[in-house]
Every structure is written in structure tokens, then in C-alpha cells.
Amino acid sequence: MPVRRLRALLCLPALALLAACAPTIGVEAGEDATNPDCAPVMLALPDVVAGDLEKVRTNAQATAAWGEPGAAVTLRCGVTPPGPSADCQRIESATGTVDWIVASSDDGTWRFTTYGREPAIEVTVPPAVTEDHSTSFIADLTQAVDLVPATRQCT
């Protein structure tokens, strides 16, 4: 058996063990997660947001996460589209513009939900992330989110 082939065979179990050790973030899928318009968004999401939060595996369809378990930014495609709101904000970036309904909870969690796009996309940012990061990184998601065409805008 050639040495190269033997090395490859010996590395396979090690790769499997390393993959099993990678964190998986539990994220509840959106109601419309099977919407085919979510697929291009998921494929276009960045590998890193906020400068240092790396993308990690999730356990549900049409979801993504960046960071560590318990302190991860999560994204769900296929959530229920929100109605008009005074909390609608237009966020512009070099790659486009997305309108988001922005809400914060008493525990310091921020929730951004796209407005005027179906399927809607929701991004949740826990307080563990906002301790060290601004939520302005939401603009990092514009290029991917913009793949779902806007049908309405903030007024």
C-alpha cells in the first residue's frame, strides 16, 4: 500500500473526531424554513460577522449562527413577516439596503426582522455578544438578505 494512501486512511478517523467536536448551535427553524427563497440567502451568508464571530453549525434548516453556544448571533430564514412598525429602520451598506424591524427585550437581547420581504429573516443578538460588539454588524448580512426581493419599505 503506498504511503500516501495509508496516511489518508489514518487521517479519516481523526477528521471524523474533529468534526464531532465542532459546536452545533440549537436554533428553532422558522415556520416557512422550507421556502426555496431561503436557500440562496443561506449560501451567501458571510463566514464571519462583527469582525471576529465565526460561523458555526446549527441544527435546523434555513438557520445560521456565529459565535459560541450560549453567546451566538443566530439567523432564521422563513419567519412570519412582521407588519408595519414604528421600529422600522433602514440599514444601508456598500452592498445594498435592508429594512429591519428592531426590537430589544428587557434582558438585553436584540431582534432584527426584515420588513417587506417574504420569506422574512430574523437575526437575534444576545447580550453576551453586545457586551463586546455593536449591533452595526447587521449590515454584514445585507448582501445575503438582499437576495429576497423587497416588496415594501419603511415609511
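Start by selecting Thr113: at 11% relative accessibility, this residue counts as buried (buried means under 20% relative accessible area, exposed over 50%, and partly exposed in between, with a 1.4 Å probe and protein chains only). You are looking at a predicted model, in which local features need pLDDT of at least 70, side-chain atom pairs count only at pLDDT 80 or more, and totals for chains, interfaces and linings use all residues. Residues are numbered from 1 along each chain as its sequence is written, and side-chain values use heavy atoms, with hydrogens and water left out.

**Stop 1: around Thr113**

Thr113 sits in strand 8. Helices (H or I, at least four residues) and strands (E, at least two) are DSSP runs, numbered from the N terminus. Now show what surrounds Thr113. Leaving aside neighbours within four places in sequence, its contacts are Val79, Pro82, Asp99, Trp100, Ile101, Ala120, Ile121 and Glu122 (contact means heavy atoms within 4.5 Å).

**Stop 2**

Next, select residues 88-93 and residues 96-104, which are strand 6 and strand 7. They run antiparallel and are joined by six bridges; two strands pair if DSSP finds at least two bridges between them. The two form a hairpin with two residues between them. To follow the pairing, click on Gln89, whose bridge partner in strand 7 is Trp100.

**Stop 3: the disulfides**

How many disulfides are there? The count comes to two, taking a disulfide as a pair of cysteine sulfur atoms within 2.5 Å.

Select Cys38 and Cys77 for one of them: their sulfur atoms are 2.1 Å apart. This pair links distant parts of the chain, with Cys38 in helix 2 (residues 38-44) and Cys77 in strand 5 (residues 71-79), 39 residues apart. The link has -85° about the S-S bond and is left-handed. Both Cys38 and Cys77 are buried.

Then move to Cys88 and Cys154, joined by a disulfide with 1.7 Å from S to S. Cys88 and Cys154 are buried.

**Stop 4: the nonpolar cores**

Select Leu45, Trp66, Val73, Leu75, Trp100, Val123 and Leu141. Of the 29 residues in the largest nonpolar core, these touch the most other members. A nonpolar core is a set of buried Ala, Val, Leu, Ile, Met, Phe, Trp, Tyr and Cys residues joined through side-chain atoms within 4.5 Å. Helix 2, strand 4 (63-68), strand 5, strand 7, strand 9 (120-125) and helix 4 each give two or more residues to this core. Apart from it lies another core, of five residues, including Ile25, Val27, Ala65 and Ala72.

Zoom in on Val73. Beyond four places in sequence, the contacts of Val73 include Leu53, Ala64, Trp66, Val123 and Phe137.

**Stop 5: salt bridges**

The count of salt bridges comes to four, where a salt bridge is a side-chain nitrogen of Lys or Arg within 4 Å of a carboxyl oxygen of Asp or Glu. Return to Glu122, whose side chain meets that of Arg76 in a salt bridge (2.9 Å, N to O). Glu122 is in strand 9 and Arg76 in strand 5, 46 residues apart. Glu122 counts as buried at 11% relative accessibility, and Arg76 is buried at 14%.

Glu122 also forms a salt bridge with Arg111, the closest N and O atoms being 3.3 Å apart. Is Arg111 buried, exposed or partly exposed? Arg111 is partly exposed, with a relative accessible area of 36%.

Now select Arg117 and Asp146, a salt bridge with its closest N and O atoms 3.1 Å apart. Arg117 lies in the loop between strand 8 and strand 9, and Asp146 in the segment after helix 4, so the pair ties together parts that are 29 residues apart in sequence. Arg117 is buried at 3% relative accessible area, whereas Asp146 counts as partly exposed at 32%.

**Stop 6**

Asp132 is in the loop between helix 3 (127-130) and helix 4. Asp132 is exposed, with a relative accessible area of 65%.

Finally, colour the chain by pLDDT, the predictor's confidence in each residue, from 0 to 100. The mean pLDDT is 89, and 86% of the residues reach 70 or more. Over residues 6-12 pLDDT stays under 50, and the model has two contacts there beyond four places in sequence. Where pLDDT is low, the predicted coordinates should not be read in detail.
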